[in-house]
Amino acid sequence: MIVILKNNVEQAQVQQLVKDFEAQNFAVHMSQGTNTTILGLVGDTAHVDLEKLLTIDIVRDVRRISEPYKAASRSFHPQDTIVQVGGLRIGAGTFTVIAGPCSVESKEQMETVAASVKASGAAFLRGGAFKPRTSPYSFQGLEDEGIRLLTAAKKATGLPIVTEIMSETQLPEFEDVDIIQVGARNMQNFRLLKELGHCNKPILLKRGLANTIEELLMSAEYILAGGNEQVILCERGIRTFETCIRNNLDISAIPVLKRQSHLPIIIDPSHAAGNTWMIEPLSRAALAAGADGLMIEVHNNPKAALCDGAQSLDLPQFEALMQDIKKRAAFEGKELQ
Ligand code: PEP
Ligand code: MN
C-alpha cells in the first residue's frame, strides 16, 4: 500500500505518521521526490481502512499495490534508483560498462585484461573467482586466490571490481569487492539473498535461466526487504525453444522492468549470445531500449580461456565495441561512466 502525502508538509508531521505506521507493525519505505513524498507500507495491510487514512490532514491519496513486490516497485519509489559505487553512479541517465574475463585465471591475464579494458573505457572490472559450472569436472575458479588477483588488478588500475558470490559463507572474503554478483543459478537462493539484504554493498542480481520478470523482482525484494537498497538488475538471456543461440536475450525485459521498477538494469549480451559476433548488435539494442549499462566478457586470449571463451571478446574487439558504444551513448543522451 502507498500513502501519498500532500505537498510541502512539515517534516515533523511526516515523522509522526511514520512512527504511527511502525507502531502498527508496518515497515515504512519513504520516497521523497521534489514535490511529493510517498510512504510505502509493507506488512498485512488487508485490514487497513483507506477512508480513515484519507482523513489524516497531510495525506493526499492512498492506493493498494497489486504487485507482490513492494520495495522494488515503481509505485513505492517513483524516482530511478542510482547506485553509487567507487565514485560512479549506476542508473538514471548514466551508462556503465563492466568488462573482464568469465573467470579469473592468472595474474598475467588479470593485469593484461584490466589495463586494456580500462584504456578502452570500461568502468568496472569483472571476473569470476567462484564459478558455478554445470559439470563438477569443469574449472571451478581460483576461489580465494581469484579474489586476491582481482583485488590486485583493482589496485593497479583503480577499476572497481564485480565478482560472483555463491554462498553467504563467502561474504568475509568479499570485503574489497565493490559489487557482489548473484549469478543466474542463485537468483532464487533465498538464504543468500536474505544475507545480502543485510550487507552494505551493491548487488548485481542476474535473472535466472528460466525465471519470469516478476520472479526476478521478487528476488530483488528479498534484498531490499533486508534494508539493502543498492540492487542492480541484470538480464542475461533466458531459455527458450531456440537452439541457434545460447540463450534468448529478453530485450522486452528492459521496458517492462523500467516501468515496473526503479532499479537500474544492466544487460549481459555475452551469456545470452554464447558467441562473439552477436555482442555488438545486442549491446546496441540494449542501449537503445533503455538499459543502464552492459556487462561483457573480455579475454586476452579467448581461445585459451578456461571458461566461456567462445563468447569472450578479445582486447581489440572490446576496444572497437567501446568506440561504437561511446558514440551511441552520447546520441542517447547517456553519460558514459
Ligand atoms: C557470469 O557472469 O560469469 C555467469 C556465470 O553468468 P550467469 O550467472 O548469468 O550464467
Ligand atoms: Mn561466463
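Glutamate 280 is partly exposed, with a relative accessible area of 31%. Here, partly exposed lies between buried, under 20% relative accessible area, and exposed, over 50% (1.4 Å probe, protein chains only). Arginine 284 falls in this class too, at 29%. The two residues form a salt bridge, their closest N and O atoms being 3.1 Å apart. A salt bridge is a side-chain nitrogen of Lys or Arg within 4 Å of a carboxyl oxygen of Asp or Glu. Both partners lie in helix α9 (residues 279-288), four residues apart, about one turn of the helix. Helices (H or I, at least four residues) and strands (E, at least two) are DSSP runs, numbered from the N terminus.

The model is predicted; local features need pLDDT of at least 70, side-chain atom pairs count only at pLDDT 80 or more, and totals for chains, interfaces and linings use all residues. Residues are numbered from 1 along each chain as its sequence is written, chains are lettered from A and ligands numbered from 1 in the order in which they are written, and side-chain values use heavy atoms, with hydrogens and water left out.

Across the whole structure, the search finds 14 salt bridges. Side chains of opposite charge can pair when their charged atoms come close. Aspartate 178 and lysine 154 make one such contact, at 2.9 Å from N to O. This pair links distant parts of the chain, 24 residues apart. Aspartate 178 sits in the loop between β9 (161-165) and β10 (179-182), and lysine 154 in helix α4 (residues 144-157). Aspartate 178 is buried, at 15% relative accessible area. Lysine 154 is partly exposed, at 23%.

Glutamate 168 pairs with arginine 191 in another salt bridge, with 2.9 Å between the closest N and O atoms. Glutamate 168 is in the loop between β9 and β10 and arginine 191 in helix α5 (residues 190-196), so the bridge ties together parts 23 residues apart in sequence. Arginine 191 is exposed, with a relative accessible area of 62%. Elsewhere, a network of salt bridges links Arg207, Glu235 and Asp250.

The largest pocket has a volume of about 250 Å³. It is lined by 17 residues, of which Lys131, Pro132, Arg185, His271 and Asp308 are the closest to its centre. A pocket is an open set of points on a 1 Å grid over the protein atoms alone, where a 1.4 Å probe fits, with protein on both sides within 12 Å along at least five of seven lines; lining residues have an atom within 4 Å of a point. The volume is the space filled by probe spheres set on the points. The lining has four nonpolar, four polar and nine charged residues. Asp, Glu, Lys and Arg count as charged.
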